[in-house]
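Subject: Handing over a structure, with notes

Hi there,

Here is the structure I promised to pass on to you.

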Amino acid sequence: MTGKAWLQAQRSAVALKLRLAAAYGVVEGLLIIAQAGLIAWLVHQVIRADQSPHALIAPALALVAVVVLRPMAQTLRAAAAIQASDRVRARVRQRLLRRIEAMGPAGLAGTDSGELAAKLSDQVDALDGYFARYLPQMQVAILVPLAILLTAYALDWLAATFLLLSAPLIPLFMALVGMGAERLNRDQFLALQRLSGRFLDRVRGLTTLRLLGRTEDAAEGIIRGADEYRIRSMRVLRVAFLSSAVLEFFASVAIAVVAIYVGFGLLGYIDFGPAPKLTLFNGLFVLLLAPEFFQPLRTLAQHYHDRATALGAAEQLAELDIEPPAQTGAGPSNPPVAGQPSGLPPGHVLAVDSLTVARPGRGQVIHVPALNATSGERILIEGPSGSGKTSLLEAIAGLLPAQGGQVHRHADSTRALGWLAAPPHVARASLADNIRLGDPDADDAAVLAAAERAGVMEFAARLTAGLDTRVGERGQTLSGGQAQRLALARAFASPASLILLDEPTAALDAVTERYVLDGIDALAAEGRALIIASHDQVLRRHADQIYCIRDGVLEHCGDA
Amino acid sequence: MHELIPYLRMLRRYRGQLALGAVLMLATAASGIGLLALSGWFITATAVTGALLAAGVAASLEIYIPGGGIRAFAVTRTAARYFERITNHDSVLRLLRDLRGRVFRRLAATSAEDRADFASGELLNRLTTDVDRLDGLFLRGLAPPLVAFLAILIVAALLSIGSPLVALPAGGALLVIAGMALLTAWQQGQQSTTRLAGAQADLRAGLIDHIHGLGTLLAFGSLSAHQRRLDDLETTSRQAEAGLAMAMARREAFLHGAVQLVAVGVLLAALWLFHRGAVTGAVAVMMPLAVLALLEPVGVLPGAGLNLAHARASAVRLDDGLARVGPDGPARASGDVPDNAGDTGGAASGPVDVQIDGLTITRGAGARVVDGLSLAIAAGEHLAMIGPSGCGKSTLALALSGQIQPDQGKITLDGTPMAEMSAAQRIHQVAFLTQQTELFSGSLQDNLQIANPSATDADFWRVLEAVALDGFARSLPEGLDTWVGESGTSLSGGQARRVALARLMLRDPSLVILDEPFSGLDAGTARHIDQALTDWLANRTALLLGHAETALPQADRLVEMRAGQAQQTTPG
């Protein structure tokens, strides 16, 4: 789906709100007409009809009422438009999030989660202006000038004709200027893009610049580049600004033309058409309407960039917003991974039977003839990196659909499984919340106990906020060892009967390694089954059974 | 407001151009007021005169001056607006240039450790957003209130033609209304920007966690709990946004209503004055129309207040981010800022011997990444150090190249403590190929030349041949002038690595540190480069870092890094 079509499709959900916003906009336009009419009538009555202002209390009050009602309509319109934008963004974000979840960790492998998150936050928010401002204004910009034109016709058809004639000229001139600006922009596009990216590019490479001793050169380069950017941009802007100047020009000239026409008509210098019948009332009325005729168009022009911004975002969001393909490979003989306890031999936590695992883009990765784990058992899976250890763990966890064969897991609860990823996942949350990912219902005491056992408290106790310290971006950075302890604490907190560990001893300091090895034994002693994927020989001393991967097949290599 | 003072000082340089921009803004507003007020005056005057003429009374009205005035205002409004936009955008872009230069210089003075935060996209994006917001400080924050104030004075002057008794209260009311709109928007901006920015950052962090930790969440069965958390963050963020938008809409509506009520009040007062014979009909009509024309310059005030608050918040954030890292301006605190020290040419002084004694480096939440490490590398020796990623190799290399200060222990090169060396000396002596390949958007030649400004074409081709990129470079239509990096020819990871290696070989250092030099290269290419590297490394001291021995060039000695310390292993 193109960005444009996608954007169009999002409108249906809030069509009513958008129409409501436009309706309030039209009401506001009608109030503007009423206000102009009342002012003109009051002026006419006092100045031309010699009425005493005391006799005009009723119309004066009506004018006050109109002036008070206008901001109300304005507020209601804004509220409807803001709600429409809010609703669209909430819906889009929810739907895209479900799409991403459906892709699963295997489907997301290789994507930058930061970039994806930025799409869900910033790009979705970039739709705001389009729904909150541009779309409602589009209808207002057609209906209100039309209403003003009809009123003007009723008052003086010649003055209305001046307005009508200028109306189609505006888009014409704007388009001509716009085309010129676009051509200029196209010619400069590459240069402008390169120049505008220079600052960020140099900031990213600061380490290299410092190592080479070239930071001052780079600073001067940034300044030179920004100056060239300015000169080139101004070339484009000088033409682009003409298009809004055209609009301004017509709006100003229309007022001037109407004023002079009305003035000369009132003096009796014009014998043509309706001019001899002009009065101060209809003359002033038309004059007050003239700027309002152009105002909705001017506002729309101001919001035009909202549309461009939203279209840019829509291109990217539409790419994400596709139905995930039906998961293949899970044949009818393959029961859901969270298998029934009936499929498990007594005392077993895991039973894998002739399982074949394939990865999107890599084909078949590993075949497992048989792998069983009983409660309290520590199983080590050895194999060099790239041999499919992680894929096997993902398949056991149900994160990667099996191509054939069966995985039976104990399904006593939704929290039957624990996972220590490599590298460990550290959420941008507090240490305590990170541990709670293992069991969202864990109370503070349980979290503290888990933190103690995994050695998290050893460094957390030194932090002023303790376990409430935020980690990750915008918080404390953790070393690899500290992150692994956090992941271990998560496993301790989890009630899981089966825990999968991916390279748990890679890149650790000596103290953390001790915590991890002791942790493995302690978890097993609690009666949990552990599947450990690693090529670190240290782990052999902490395993009950050892399996190896040879030529893509998992084989039993011995009991430890 | 004091946070904005340094940025206001930056404006001083452009005071002429900024003043011109402000005058043009005022001319636009004044022409708009003049156009509507004079038009109203004109048609009322003609109506009165026309009625007298029709009644057979001898009357006359000078029509050419007001007619010409109306046409002149129509043209000046358009022209002033056009040139105002040109002038002010040029000023904004000039300010952007200065701001970028200033922020970059301050960032350049930071140590690699402090800058580690900036490696993440979020902080970098925030940095550019903040810079962009500050460049509009004058145009969108300061100039509109100034112009609105002067426009109100102009309208008050026009009203006083009718009666000072109307001009004074109306002008006062308009000033109060405009001031309130500005002030309340500024106050709300102050409160909401922090809250909104916090809510949005929390949402983004929550989203990253949800996507990045999807496997962990699914496996532990915590997905729905995290979904609920994310929903809360999303709702908070959206509510904060919608709340701000709604408050601004209400404020704008209130402002419009209030100005129009003043206009109605002036209308009724003027009609009453006319009835009393105190003013002519034409003046009586001109008065309320002048007030109505104020809507344009005054209507932007809530936005200006918000922009000012945003600019202030950006200034605070920028200063917070930069204050940690070093002093402002060109003053340098230590010899730690290399500047253009790389320009110092001269021949290498031959290989150095390296002594590392009891080196301890703590990072993050107190983790000893390097823990009491002692190591000696003899002059000309090639030492390989292996260990898994995250074991502290790269941190050691950063210390050895002077990019971070160790917490304990010292490093000496040929007996000179690292801490006592000047930045120029250090850069001249030590070359470090970081694990992360950092190329710059620019031509291929730019990327090489950055290592040695005096290198010739022959040098470029020599090093490109050494990394087996000469064939590729010759095949490019634009050769060395080919643009690489963003919005250019994209190099593969391996090609980029080779450019980084070639860049290094343009230099003549005494100590070379290579961090995973062959990452991303296929075996054949790695062998070719290994040969060239060995030639280049002869007569230099080298520290070769990698996850496995096989991933490194031939070394004289091998140590393994484990638990922050170096352990001797048998030569491989």
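Below are some notes on conventions, confidence, domains, the contact between the chains and a few residues.

First, the conventions. This is a predicted model, in which local features need pLDDT of at least 70 and side-chain atom pairs count only at pLDDT 80 or more, while totals for chains, interfaces and linings use all residues. Residues are numbered from 1 along each chain as its sequence is written, chains are lettered from A and ligands numbered from 1 in the order in which they are written, and side-chain values use heavy atoms, with hydrogens and water left out.

How far can you trust it?

The confidence score here is pLDDT (the predictor's confidence in each residue, from 0 to 100). Chain A has an average of 86, and 94% of its residues score at least 70. Residues 327-341 of chain A fall below 50, and the model gives this stretch 23 contacts beyond near neighbours in sequence; a contact means heavy atoms within 4.5 Å.

Chain B also comes with an average pLDDT of 86, and 90% of its residues score at least 70. In chain B, residues 326-338 have a pLDDT below 50, with 21 contacts beyond near neighbours in sequence. Residues 342-347 of chain B stay under 50 too, and have 12 contacts beyond four places in sequence. Among the elements of chain B, helix 10 (residues 281-292) has the highest confidence, at 95, and helix 4 (residues 112-115) has the lowest, at a mean of 66. Please keep one caution in mind: where pLDDT is low, the predicted coordinates should not be read in detail.

The overall build

Chain B contains 19 helices and 12 strands, counted as DSSP runs numbered from the N terminus (helices are H or I with at least four residues, strands are E with at least two). Of the 572 residues in chain B, 57% are buried. For that label, buried is under 20% relative accessible area, exposed is over 50%, and partly exposed is in between (1.4 Å probe, protein chains only). Among the contacts in chain B with a separation of 6 or more, 78% join residues 24 or more positions apart.

The domain bounds come from an automatic or database domain assignment. For chain A, this gives domain 1 (1-155 + 303-324), domain 2 (157-277) and domain 3 (341-559). The centres of domains 2 and 3 of chain A, taken over C-alpha atoms, are 60 Å apart. For chain B, there is domain 1 (2-106 + 141-323) and domain 2 (341-568), with C-alpha centres 55 Å apart.

Where the chains meet

How many residues does the contact take from each chain? It takes 141 residues from chain B and 141 residues from chain A. Between them, the two chains bury about 12,500 Å², and carbon and sulfur atoms give 66% of that. Buried area here is the accessible area (1.4 Å probe) that two parts lose on being put together, summed over both. On the chain B side, B:Phe104, B:Ile211 and B:Phe220 lose the most area to chain A, together 7% of what that side buries.

A few residues to look up

The structure has 1 disulfide over all chains, a disulfide being a pair of cysteine sulfur atoms within 2.5 Å. A:Cys548 and A:Cys557 form it, with their sulfur atoms 1.7 Å apart. A:Cys548 counts as buried because its relative accessibility is 11%, whereas A:Cys557, at 35%, counts as partly exposed.

Elsewhere in chain A, A:Val511 sits in helix 17 (residues 510-525). Its relative accessibility is 42%, so A:Val511 counts as partly exposed. Leaving out residues up to four places away in sequence, A:Val511 touches A:Glu458 and A:Arg485. A:Gly455 is 56 residues from A:Val511 in sequence, yet their C-alpha atoms are 8.9 Å apart.

B:Ser91 is buried, with a relative accessible area of 2%. Beyond four places in sequence, B:Ser91 touches B:Gln17 and B:Leu18.

Lastly, B:His528 is part of helix 19 (residues 523-537) of chain B. B:His528 is partly exposed, at 39% relative accessible area.
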